[in-house]
Amino acid sequence: MQISEVVNLKEGTLCYHCGEECVSLDIQSGAKTFCCTGCKTVYEILHENNLCKYYDLDNTPGISQKKLDSALVSRYSYLDDPNIIRQLTNFTDGNISICNFVIPQVHCSSCIWLLEKLHKLNSGIIQSEINFLQKNLSVKFKNSEISLRQVVELLTAVGYEPQISLNDIENKVKYHSNKSLYYKIGLAGFCFGNIMLLSFPEYLAPIGSLEHSFKQFFGLLNLILGAPVLIYSAGDYFKSAWSGIKQKSINIDFPIVLGLVVLFIRSSFEILTNTGVGFIDSMTGLIFFLLLGKLFQSKTYDALNFERNYKSYFPISVTLKNKSEETSIPVSNLKNGDRIIIRNNELIPADAILFNGNASIDYSFVTGESIPVQKVAGEIIYAGGRQYGSAIELEVIRTVSQSYLTQLWNKDAFIKKDEDKFNSLVNIVGKYFTVLILFVAAAAFLYWYPTSLRTAINAFTAVLIIACPCGIALTSPFALGNAVRILGRNKFYAKNASVVERLSKIDTIVFDKTGTITRTGDADITFNGNMLSPYEQKLVKSLVRNSTHPLSSRIFDAIDTKEIFEVSSYNELSGKGIEAEIDSRHVILGSALFAADKNKILQTAERLNTNTNSRIFLSIDGSIKGFFAVNNIYRNGLDNITADLKENYNLAVISGDNESEKENLSKYFGSSNKVLFNCTPHDKLDYVKELQDKGHKVLMVGDGLNDAGALKQSDVGIAISEDVTNFSPACDAILDAAEFGKLNMLIKFSKTTKTIIIISFIISVIYNVLGVTLAFQSEISPLLAAILMPASSITVVLFTVLSTNLMAKRRGL
Amino acid sequence: MSVIVILVFFSVLVAGGFLLAFMWAVRSGQYEDRYTPSVRILFDDEVKEKDIT
């Protein structure tokens with residue numbers, strides 16, 4: 001056997017820019033080695049502009065440029081359209097514009113440094129500022145020197161391609177801002193602190209020893225400080241209670257508002273008539289704590305987006321072919337019958353018929369399955385697929401919003417609001433609580449009325465004040481807020497706190513198959529046929545090294561050898577396969593139609609008992625050795641999860657695929673649980689709805705846009721994502737795929753949280769009963785109120801936070 | 001003892017100053033991004049080449 005030149009790769013040669021392993025040492029610049037020319041170009045731009053400090057701040061901070069097709073100069077031509085510029089610009093006065101971009105690649109301090117030094121790369125840029133957590137870059141630039149398109153091209157050139165989607169155009173991204181909550185807390189904290197200070201003399205001085213004029217002065221001051229807290233800081237509680245009454249239901253805010261108003265009126269009365277000092281200190285303290293709870297509960301994950309629909313992923317523009325001319329038009333202007341050109345790595349925006357070219361469509365956005373599907377001319381290609389390989393020409397048959405996939409968003413599930421479908425525990429408790437305290441207060445009034453009207457009013461107000469359910473109102477924010485944080489540490493990112501509570505109520509779990517319970521990243525590659533000799537393995541590895549097709553790189557990873565042969569006359573036919581002369585042998589790897597003789601393929605396929613779809617056949621010197629098959633691998637821990645959850649929940653699998661995996665699935669899910677195949681996105685939504693109509697609370701676990709309907713319809717929708725900042729359909733929570741094995745524990749933890757909330761309710765009710773008993777006897781002093789109310793709040797907060805932490809630790813979360 | 005009244009007046013005034021400072025901080029967006037500035041502050045100032053040689 002004659003061995004030609006063997007290139008021995010130096011192990012550990014990493015790209016200076018992005019840190020990926022270099023396949024060859026050919027791409028160099030200034031003694032630095034790069035994995036691809038894209039990375040090298042970025043380095044050279046930075047080097048030229050004296051910005052190499054980028055590489056000192058963090059090791060290999062760059063973004064791999066391999067997958068980008070930088071050759072497409074016309075890609076951003078749509079950014080010259082004045083309409084689109086206007087929609088993307090946040091502010092402009094004709095000379096200076098400010099634009100915001102979402103840049104998903106931002107990940108380290110080097111990124112911040114470089115992106116804020118854009119003015120060094122182009123003098124037209126005045127300032128650029130990044131918000132790291134939101135991955136949002138704001139660029140201020142001079143219109144006379146640089147256009148929006150050039151800004152985007154500059155960002156792309158340094159490796160930070162902004163994500164510009166249809167969504168940005170149609171409705172500007174709204175940023176959730178906590179500003180007004182901060183103002184309210186600031187004011188409440190200020191007034192609370194000062195009032196406490198002014199009330200101290202009253203607490204500490206022996207009764208009656210305080211000078212009368214001081215008492216009045218402090219009281220009036222307290223009243224002045226307390227009024228804005230009640231009116232402004234507690235404003236949201238008034239609004240919420242009022243909207244509850246309007247909808248003829250009583251929520252937890254109603255007894256709170258009742259308590260606050262009674263507190264204020266009675267205090268004003270006492271202070272103004274000089275009969276007491278009031279309870280303004282308790283009132284402001286209560287509002288301050290309630291607002292803190294609100295802040296604690298409002299933990300949000302800025303970088304994550306839970307509201308995405310197809311518009312977040314679809315491109316803004318598409319290349320329209322008009323006879324021989326090519327123009328770039330916004331996708332929303334596409335009409336039936338338009339001819340469009342889709343290039344390598346571009347997304348197909350509308351259902352269309354393939355007219356010309358080799359289509360190899362990656363539907364991973366839609367189904368989670370990343371292995372491209374081959375299509376021939378005349379076939380329908382559905383919107384949402386991504387083309388791999390050379391450019392194709394399509395004829396649009398349905399507009400963007402009427403396409404098969406996008407129609408899903410016209411369904412009812414997307415119209416109704418989230419809040420409508422859920423009545424939280426605390427509001428249910430609040431309803432009964434209100435009725436109860438009104439009853440007790442009335443009883444106290446009637447009991448004392450024969451003695452004296454004054455005592456009766458005192459007892460009546462005291463009951464309302466002391467029974468104010470601050471403990472109950474604080475329980476949920478702190479328990480759920482803390483649970484959200486604990487889940488976040490386990491890479492389960494909930495949209496808001498109510499997700500945790502809803503999760504504790506579910507009884508049915510529906511899984512999507514592809515991409516959810518199977519892994520997408522590294523599918524299992526097996527070779528079927530005669531065992532490959534180490535020499536043949538080397539041949540294959542040398543061949544696939546040259547191709548960027550996702551299947552090639554998987555085969556490359558699957559073959560465990562370091563040596564590589566030199567490859568000559570390499571040829572890649574997109575959508576079909578690759579061939580080359582290696583070590584003077586003709587090696588072909590590709591689909592059945594391509595790998596040598598069709599008859600032989602069929603024979604081989606028959607012998608190996610398989611069909612020819614999604615098989616990569618290998619032929620060496622004309623003889624077919626067998627094929628590589630891509631198998632589904634189920635995620636680690638799936639058996640654990642199903643075994644654990646089977647006991648308490650109904651499980652179901654709903655898949656868009658064919659039935660080939662039926663046997664494997666029933667191994668995991670057992671025969672009693674439902675496994676459905678060949679489901680369209682609409683079927684999935686309808687199935688969830690059907691379960692809900694039967695009275696089930698459904699958790700949907702999915703990953704692609706085809707699950708979007710089911711995720712939205714379900715009581716809780718969890719999206720599994722390989723890269724949480726990148727892609728996920730609209731959902732209630734995002735779970736990092738690496739932590740999939742913890743799903744059962746996370747669900748159970750939500751149940752534990754609910755138990756903790758109930759225990760905490762009981763604790764605060766005990767406090768209330770104790771207080772009401774004293775109040776009933778009309779024996780409530782300001783000092784007692786000032787101690788009892790914070791004490792109950794603090795007990796509840798400590799209990800919920802500590803016990804959720806303890807339970808999480810015990811469960812290993 | 002009426003000096004207390006003056007003292008209380010000033011203490012509320014000073015505290016009010018802090019409240020206004022806090023409001024200004026919120027208004028100017030300092031609570032919008034609580035991470036990036038912590039990284040930004042660690043970047044060294046530019047050192048010009050000719051200063052070294």
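How many residues of domain 1 of chain A are in contact with residues of domain 2 of chain A? The contact involves 7 residues of domain 1 of chain A and 10 residues of domain 2 of chain A. The model discussed here is predicted.

**Domains of chain A**

Chain A is divided into five listed parts, with bounds as follows.

| Domain of chain A | Residues |
|---|---|
| Domain 1 | 14-57 |
| Domain 2 | 73-164 |
| Domain 3 | 179-301 + 420-479 + 752-810 |
| Domain 4 | 310-413 |
| Domain 5 | 524-631 |

Between domain 1 and domain 2 of chain A, the C-alpha centres are 23 Å apart. On the side of domain 1 of chain A that touches domain 2 of chain A, at least two residues each come from helix 1 (37-48) and helix 2 (54-57) of chain A. Helix 1 of chain A gives the most to this side, namely 3 residues. By class, this side of domain 1 of chain A has 6 nonpolar residues, 1 polar residue and no charged residues.

**A helix pair**

Helix 8 (residues 179-204) of chain A packs against helix 12 (residues 280-297) of chain A at an angle of about 150°, and their axes are 9 Å apart. Because angles over 145 degrees count as roughly antiparallel, helix 8 of chain A is described as roughly antiparallel to helix 12 of chain A. The crossing of helix 8 and helix 12 of chain A is left-handed. Residues of helix 8 of chain A in this contact include Leu181(A), Ile185(A), Phe192(A) and Met196(A). From helix 12 of chain A, the contributors include Ile280(A), Phe288(A), Leu291(A) and Leu295(A). The contact of helix 8 with helix 12 of chain A has 13 nonpolar, 4 polar and 3 charged residues.

**Sheets of chain A**

An open sheet of 7 strands in chain A has the order 17-30-29-28-18-26-27, with mixed pairing. Strand 17 (492-494) and strand 27 (674-676) of chain A each have a single partner strand, so one side of each is left without a neighbour in the sheet. From one strand to the next, the twist averages 20°.

Ala494(A) has Ala733(A), in strand 30 of chain A, as its bridge partner. Helix 23 (residues 662-669) of chain A lies across strand 26 (650-654) and strand 27 of chain A. The direction of helix 23 of chain A is at about 155° to strand 27 of chain A.

A further open sheet in chain A has 3 strands in the order 13-12-15, with antiparallel pairing. Strand 13 (373-375) and strand 15 (386-387) of chain A are its edge strands, and each pairs on one side only. Strand 12 (residues 359-362) of chain A is joined to strand 15 of chain A by 2 bridges. Asp362(A) has Arg386(A), in strand 15 of chain A, as its bridge partner.

**Contact between the chains**

The contact between chain A and chain B takes 18 residues from chain A and 16 residues from chain B. On the chain B side, helix 1 (3-27) and helix 2 (36-40) of chain B each supply at least two residues. The largest share, 7 residues, comes from helix 1 of chain B. The side of chain B that touches chain A divides into 12 nonpolar, 1 polar and 3 charged residues.

Note on methods: Residues numbered from 1 in each chain as written. Chains lettered and ligands numbered in written order. Predicted model: local features only at pLDDT ≥ 70, side-chain atom pairs only at ≥ 80, totals over all residues. Pairing = 2+ DSSP bridges. Helix = DSSP H or I, 4+ residues; strand = E, 2+ residues; numbered from the N terminus. Axes fitted to C-alpha atoms, helices over the stretch in contact; angles between N-to-C directions. Contact = placed C-beta atoms within 7 Å. Parallel < 35°, antiparallel > 145°, perpendicular 65-115°, else oblique. Left-handed = near helix turned anticlockwise from the far one by under 90°. Nonpolar A, V, L, I, M, F, W, Y, C, P; charged D, E, K, R; others polar. Domains from an automatic or database assignment.
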